[in-house]
Amino acid sequence: MARDLTHATSALKTHQLETRGVTTPQLFDADPQRFSKFHVAIDGLLFDYSKQRVTAETMSLLHGLARAAKLDERRAALFSGAKINITEDRAVLHMALRNVSGRPMAADGTDAMPGVIEVRERMGAFADGVRGGAITAANGERFTDIVNIGIGGSDLGPAMAARALSPYVAPHLSLHYVSNVDGADIGDTLKGLALETTLFIVCSKTFTTLETMTNARTARAAVAARLGEAAVADHFCAVSTQLDKIAEFGIREDRVFGFWDWVGGRYSIWSAIGLSVEIGIGRAPWEQFLAGGEDIDEHFTTAPVEKNIPALMALVEIWNHDFLDLATQAVIPYDQRLARFPAYLQQLEMESNGKSVSLDGGPVEMKTAPVIFGEPGTNGQHAFFQMLHQGTEPVPIDFLVAAKPTDADQHHHDLLVANCFAQGEALMRGRSLAEVDAQLRKQGADAAAIERIGPHKVFSGNRPTSTILYESLTPRMLGRLIALYEHKVFTQGVIWNIDSFDQWGVELGKELAGRLVPIVSDRNASTAQLDSSTAGLIDAMRRLAG
Ligand code: F6P
């Protein structure tokens, strides 16, 4: 698929130079109807990008960039199940997992749906059994605690979703997530649990990941020690693509749920990796969650780029990152239950698109993947928002907020929403020295005080933000939000011309850790072959550890 972005990117660069003095307050003053032109609403959800530093011409040039990058063709290739993950020689078809309407979907020519439906059915039956008490602990009692052991995509997705959907979790069940190889993680989790009624789900696509295998073995030993070796079969299940490796771990066949190599780890929440969430919320809400993902697949594949929310999210971020040279992107959910969403997006976006080599093996032509960070509002306001308002580099922000609370107090929610919208307004509008001057005067400050304090109270404004406003955080809405970001990441990968579905960048650190483990564990092992910093740190660690 030959592509040439030269014309599209140089037109955008020229446009950036021509419009660099134009600010968003000016754009709002010039066009009071700006909101109506720069937002897209679909059923129950709205994306407002009117506070971004874009004009109709900017958007038209960005649409041209998407066309030049052949977004339509690449999207068709994605949904066709072609092997678009070229460095791993794999298709990318996590969308099949949320295909609840039963459309045919094939991965590399083979119908994926019979396998998907079979695992979905088994998951549903198992989840119902655990929730309802038909599947019990070794002592015949109902399970009270579910511990998901996994890391990265085998942890962040289910952990984030379990928190987001906590009002839907059965009151007799508690969901826990253990990921870090730091023994404090599993240790602290096990301390508070009744092992007699705890079910462990070992989640690992590869079933070789150091952290997960170490934690799984620790949990297994704890169960065997407390309840006896025979109880292990009742207290463990596993999710992986590597079924043979699970057998070695000793988990019973009917407690094993598979998935496929065409599901990337960070895209695997839709697979059996979500089992803990399905047990928690139940089968019908889980299927609603899947349906939410499918809603966005439908939107992404049918809406023209001008009205296509994931494509617009991608293009606006590319404008900020590649043309306005803004290196970061904050995600601020005004929704406490989305507290783990920024961390989830860090993996989704930075592991997918943090690449420097293009699909043809040469260096990328554009800057890829901004740094993603975030915390829920309003908490962030009282922590790092100072920098967002008055720091030297503007930080583009995505605000996420629900129109109505799932089950919280309406008064609290009104305060939450008001704060969210006020932040977007303040970041856009700012406050000039003249306005500060007038305000201080009104408060009775004298001229000397105004001169001294005035400049510190100025807000430059013109700081780009988007807002995703959704009806409420139901399972279906969560599915939609995740899929929006997944397709945003895909669109950006297409424009940056990279493989968004591999993650070779995590390998070197893993390899070197493997080499250091014996040196760290054996206090007498030589550090002579290491660089002086690493050797110095190991020597100091040995001294400090006594
Ligand atoms: O090290 C990165 C990574 O491979 C992620 O891509 C993945 O989500 C995570 O590790 C966990 O991998 P697994 O599910 O195979 O244990």
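How do the residues of the shell around the ligand divide into nonpolar, polar and charged? I found 2 nonpolar, 9 polar and 3 charged. Here Ala, Val, Leu, Ile, Met, Phe, Trp, Tyr, Cys and Pro count as nonpolar, Asp, Glu, Lys and Arg as charged, and the others, Gly among them, as polar.

I note the source: this is a predicted model, in which local features need pLDDT of at least 70, side-chain atom pairs count only at pLDDT 80 or more, and totals for chains, interfaces and linings use all residues. Residues are numbered from 1 along each chain as its sequence is written, and side-chain values use heavy atoms, with hydrogens and water left out.

Entry: the ligand. I looked up the 14 residues around the ligand, and Ser-154, Ser-204, Lys-205, Thr-206 and Thr-209 come nearest; a residue is near if one of its heavy atoms lies within 4 Å. I then looked up polar contacts (pairs of N or O atoms within 3.5 Å). Ser-154 has a polar side-chain atom 2.6 Å from a ligand oxygen. For Thr-209, a side-chain N or O atom is 2.5 Å from an oxygen atom of the ligand. Lys-205 uses its backbone, where a polar atom is 2.7 Å from a ligand oxygen. On its own the ligand has 400 Å² of accessible area, and the protein covers 88% of that (Shrake-Rupley method, 1.4 Å probe).

Entry: salt bridges. I counted 31 of them, taking a side-chain nitrogen of Lys or Arg within 4 Å of a carboxyl oxygen of Asp or Glu. One of them joins Arg-429 and Asp-29, with the closest N and O atoms 3.5 Å apart. Arg-429 is in helix α17 (residues 410-429) and Asp-29 in helix α2 (residues 24-30), so this pair ties together parts that are 400 residues apart in sequence. Helices (H or I, at least four residues) and strands (E, at least two) are DSSP runs, numbered from the N terminus.

Entry: backbone. I found a cis peptide bond between Gly-377 and Thr-378, with omega about 10°. Thr-378 is in the loop between β11 (371-373) and α16 (385-390). Asp-89 is not a glycine, yet its phi is positive, near 55°; Asp-89 lies in the loop between α5 (71-80) and β3 (106-107).

Methods. A polar contact is a pair of N or O atoms within 3.5 Å; within protein, one must be able to donate a hydrogen and the other to accept it, and residues adjacent in sequence count only if both atoms are side-chain atoms.
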